[in-house]
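Please look over this model alongside my notes.

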Amino acid sequence: MSRHLEVRDVLKTIVASARELLDAEYAALGVPDDHGGFAQFVVDGVSDAQWKAIGPLPRQHGILAAMLHDAKTERLADVRKDPRFEGWPSAHPDMSDFLGLPIKDGEETIGALFLANKNCPKPEGGCGFTQDDEELLGILAQHAAIALTNARLYERSRELTIAEERSRLAHELHDAVSQKLFSLRLTAQAAATLMDRDLERAKGELAHVAELAAEAADELRAAVVELRPAALDDDGLVATLRTQIQVLDRAHSAHVTFTTGGIKALPAAQEEAMLRVAQEALHNALRHSGAEKVRVTLDKHGQGAVLRVTDEGAGFDPKAIRSAGRHLGLVSMRDRSSGVGGRLTVESEPGKGTTIEMEVPGG
């Protein structure tokens, strides 16, 4: 667990380790949000198809709530017979014996770990999980708390580093580019004043204007290169998108998912444009659509790739969105797409959600 720095990787490792150590059929770990649900819920022993069929993340009720709010371990012979049991979706696997306990950082409950269906003969009317299992899971939970806290601190420090870097660049833009543009403006005014009185000096001032414009363009180009996300250079588009979507999934009540397949590296400009369009589309979906689910897919398309950001939220009428289009960043997204030879399409309808699709040709 301590080898991983990404929160999602830590959660998956905890769940897989717990299931293996206690020889259970199913394991899950929930990280609570501030709205009575789970910011993240990771399972092991359930196929992707099953998980998709089960539906939205569970809410904090029944036995799940007991572990989060009462900070108490629960070991049950049959979870279905507990008076707090409130049922589960039709696609949910059937579970009987159950062991769950909170994961704590000091006095704060930062998660809850659940195991079900011990792979062993069950005593008559009893639970397959033993006191030894409970103690072993308690030790694992202590290590899990440390690993999860470290991963959260790492992600937070990285976010702060990015914010500090952007602040530094903003100062550089102000100090360097703004001053260059101010000098350019004054020199152009001087050239205009000299036109009628001293043509040779005016020509010299205009030559200086050209020099200043070239210097300002170089400064801007250097700033744009620095603004390219470092993770994009280090990890590529797929890994960068996955990491950012995991952070958004944890930070918002909406469930944000990411799937991809068959993608090869794209030209740097196309990768950056796709990342920026994905960020803008996700911002719109999470802040304006009211959707409970937001899906991001990135798939191979010929030599290039196609990105889709889909929500099931409020939607809008694209034909009546001229003024709102700028507000939603649609103009910026189209500019970014066309700037790298790509194509952006927007499909939306009031009450039926929105899909933003961007296609790029590749290298």
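Is Trp88 buried, exposed or partly exposed? Trp88 counts as partly exposed, at 27% relative accessibility.

1. Confidence. This is a predicted model. The protein chain has an average pLDDT of 81. A score of at least 70 is reached by 84% of the residues. Residues 323-327 fall below 50. Beyond near neighbours in sequence, that stretch has four contacts in the model. Where pLDDT is low, the predicted coordinates should not be read in detail.

2. The largest nonpolar core. This core holds 33 residues. Those touching the most other members are Leu237, Leu241, Met274, Leu298, Leu307, Ile356 and Met358. Several elements give two or more residues each: α6 (230-251), β6 (255-261), α7 (268-289), β7 (293-301), β8 (304-311), α9 (330-339), β9 (343-348) and β10 (354-360). Helix α7 supplies the largest share, nine residues.

3. Met274. What does Met274 touch, leaving aside neighbours within four places in sequence? Its contacts are Leu237, Leu266, Leu298, Ala305, Val306, Leu307, Met358 and Val360.

4. Asp44 and Arg19. The whole structure has 16 salt bridges. One of them joins Asp44 to Arg19, with the closest N and O atoms 2.9 Å apart. Asp44 sits in strand β2 (residues 38-44) and Arg19 in helix α1 (residues 7-22). The pair thus links distant parts of the chain, 25 residues apart. Both partners are partly exposed: Asp44 has a relative accessible area of 22%, and Arg19 comes to 26%.

5. Lys122 and Asp97. Their side chains form a salt bridge at 3.9 Å, N to O. Why does this pair tie together parts that are 25 residues apart in sequence? Lys122 lies in the loop between β5 (108-118) and α4 (131-194), while Asp97 lies in the loop between β3 (74-76) and β4 (98-105), so the bridge joins those two loops. Asp97 is buried, at 1% relative accessible area. Lys122 is partly exposed, at 38%.

6. Asp82 and Arg84. These side chains meet in a salt bridge of 2.9 Å, N to O. Asp82 is buried, with a relative accessible area of 13%. Arg84 is partly exposed at 28%. Salt bridges with shared partners join Lys72, Glu74, Asp82 and Arg84 into one network.

7. Phe41 and Trp51. The count of aromatic pairs is four. Phe41 and Trp51 are stacked, 6.0 Å centre to centre with 5° between the planes. Phe41 belongs to strand β2 and Trp51 to helix α2 (residues 48-54), ten residues apart. Phe41 is buried, at 9% relative accessible area, whereas Trp51 is partly exposed at 24%. Ring pairs also bring in Phe98 and Phe114, giving a cluster with Phe41 and Trp51.

8. Phe85 and Trp88. Is this pair stacked or edge-to-face? The ring centres of Phe85 and Trp88 are 4.8 Å apart and their planes stand at 75°, so the pair is edge-to-face; the cut-off for that class is over 60 degrees. Phe85 is partly exposed at 26% relative accessibility.

How values were computed. Residues numbered from 1 in each chain as written. Predicted model: local features only at pLDDT ≥ 70, side-chain atom pairs only at ≥ 80, totals over all residues. Heavy atoms only, no water. Core = buried A, V, L, I, M, F, W, Y, C linked by side-chain atoms within 4.5 Å. Buried < 20%, exposed > 50% of the residue type's maximum accessible area, 1.4 Å probe, protein only. Helix = DSSP H or I, 4+ residues; strand = E, 2+ residues; numbered from the N terminus. Contact = heavy atoms within 4.5 Å. pLDDT = per-residue confidence, 0-100. Salt bridge = Lys/Arg side-chain N within 4 Å of Asp/Glu carboxyl O. Phe/Tyr/Trp six-rings, centres within 6.5 Å; stacked < 30°, edge-to-face > 60°.
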